Amino acid sequence: MEWNDREILRYMGYRGQEPPEEIRELIGECKRELEQAATPRAIWREYPLFIRDHEIDMGCLKTQSRSLERNLRDCERVLLFAATLGSQVDVLLHRYTILQVSKAVVMQAASVAMLEDFCDRKNEETRESCRAEGWHLRPRFSPGYGDFPLDCQRGIASALELNKRIGITLTDSLLMAPSKSVTAVIGVSRVAQGCSIQGCEVCAKTDCAYRR
């Protein structure tokens, strides 16, 4: 995979600073170990979309969210999407939390960057196939972004059969296991968007330490 070290450093809290050489070495070690341990998997399914009186109806899931509604403007369908790096990444994170805390911090950041890159590549593959048929994808939008309720994880997990298909389970507090997993809604529209707003740019938590 193509690693973005700047993203890893951002997740570690570096902002415009050059990390010391020992951190660079730890980043290299973590990337190599993650490439050996991770088993990235993804799944997505398409559903019709109806929005009435600010209620977003995706067939298998209904919710209200102004931020998601804006993201889905002009869309006729949605893709429910999920991805995971697999359970062995959690084993690595747990191991270094006990044996070497400094490496655990780097491993945590690198695994988040790895998951984001995997999702981006999967979404780009889907975007290209949709574009060939005259459709355009909106940026993925995950429960917990903006005012999109986190409890929508349950509906997505059920619709995609996440435990059966790619081994993701939900805890009572709606956390995912394996921990390096993500769910999202992706709008599908006949209307192309010139500029996509996503990620930190749509999140209301402006005091986040990892904000771009």
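Mentor: One cut-off before we start. Buried means under 20% relative accessible area. With that in hand, look at E9: nine of its nine residues are buried. And keep in mind that this is a predicted model.

Trainee: Which residues of E9 sit on one side, and which on the other?
Mentor: Ser-181, Thr-183, Val-185, Gly-187 and Ser-189 are on one side. Val-182, Ala-184, Ile-186 and Val-188 are on the other. Both faces are covered. In a regular strand the side chains alternate between the two faces of the sheet.

Trainee: What order do the strands take in the open sheet of four?
Mentor: The order is E1-E5-E9-E6, with antiparallel pairing. Strand E1 (41–48) and E6 stand at the edges. Each has a single partner strand, so one side of each is left without a neighbour in the sheet.

Trainee: How many bridges between E5 and E9?
Mentor: Nine, in the antiparallel sense. As one example, Leu-79 has Ile-186 in E9 as its bridge partner.

Trainee: And E6 with E9, how many there?
Mentor: Two bridges, antiparallel again, with E6 covering residues 136–137. Leu-137 stands opposite Val-188 in E9.

Trainee: What joins E1 to E5?
Mentor: Eight bridges, and the two strands run antiparallel. Arg-41 stands opposite Thr-84 in E5.

Trainee: There's an open sheet of three strands too. What's its order?
Mentor: E2-E3-E4, with antiparallel pairing. The edge strands are E2 (50–52) and E4 (62–63), and each pairs on one side only. E2 and E3 (residues 55–57) share three bridges. Phe-50 stands opposite Asp-57 in E3.

Trainee: Switching topic. How many residues are in the largest nonpolar core?
Mentor: It has 37 residues. Those with the most contacts inside it are Ile-8, Met-12, Ile-27, Leu-34, Phe-81, Ala-83 and Met-107.

Trainee: Which elements each supply at least two residues of this core?
Mentor: Helices H1 (5–11), H2 (21–37), H4 (87–99) and H5 (101–131) do, along with strands E5 (75–84) and E9 (181–189). H5 gives the most, with 11 residues. In soluble globular proteins, nonpolar side chains tend to be buried together.

Trainee: What is Met-107 in contact with, leaving aside neighbours within four places in sequence?
Mentor: Cys-30, Glu-33, Leu-34, Leu-92, Leu-93 and Tyr-96.

Trainee: Leu-92, Leu-93 and Tyr-96 all came up as contacts of Met-107. Which residues in H4 are buried?
Mentor: Val-89, Leu-92, Leu-93 and Tyr-96. Seen down the axis of H4, its buried residues fall within an arc of 95°, so they line one face of the helix. What covers them includes H2 and H5.

Trainee: And which exposed residues does the face turned away from the buried side of H4 carry?
Mentor: His-94, Ile-98 and Leu-99.

Trainee: How far does H4 reach from its first C-alpha to its last?
Mentor: 19 Å, over 13 residues. That is close to the 18 Å expected at 1.5 Å a residue.

Trainee: Now Met-176. Buried or exposed?
Mentor: Buried, because its relative accessibility is 15% and the limit for buried is under 20%. Met-176 is found in strand E8 (residues 176–177).

Trainee: What does Met-176 touch, not counting residues up to four places away in sequence?
Mentor: Gln-153, Ile-168, Thr-169, Leu-170, Ser-181, Val-182 and Thr-183. Asn-163 is 13 residues from Met-176 in sequence, and 10 Å away in space, C-alpha to C-alpha.

Trainee: Zoom out for me. What does the secondary structure of the chain come to?
Mentor: Seven helices and nine strands. The radius of gyration is 18 Å, close to the 17 Å that the globule rule gives for 212 residues, so the chain is as compact as a globular protein of that length. Along its principal axes the C-alpha trace spans about 55 × 35 × 35 Å.

Trainee: What share of the residues in the chain is buried?
Mentor: 45% of the 212. As for contacts with a separation of 6 or more, residues 24 or more positions apart account for 72% of them.

Methods:
Residues are numbered from 1 along each chain as its sequence is written. This is a predicted model: local features need pLDDT of at least 70, side-chain atom pairs count only at pLDDT 80 or more; totals for chains, interfaces and linings use all residues. Side-chain values use heavy atoms; hydrogens and water are left out. A nonpolar core is a set of buried Ala, Val, Leu, Ile, Met, Phe, Trp, Tyr and Cys residues joined through side-chain atoms within 4.5 Å. Buried means under 20% relative accessible area, exposed over 50%, partly exposed in between (1.4 Å probe, protein chains only). Contact means heavy atoms within 4.5 Å. The expected span of a helix is 1.5 Å times one less than its number of residues. The arc is that of the directions from the helix axis to the C-beta atoms. Two strands pair if DSSP finds at least two bridges between them. The radius of gyration is taken over C-alpha atoms; the globule rule is 2.2 Å times the number of residues to the power 0.38.
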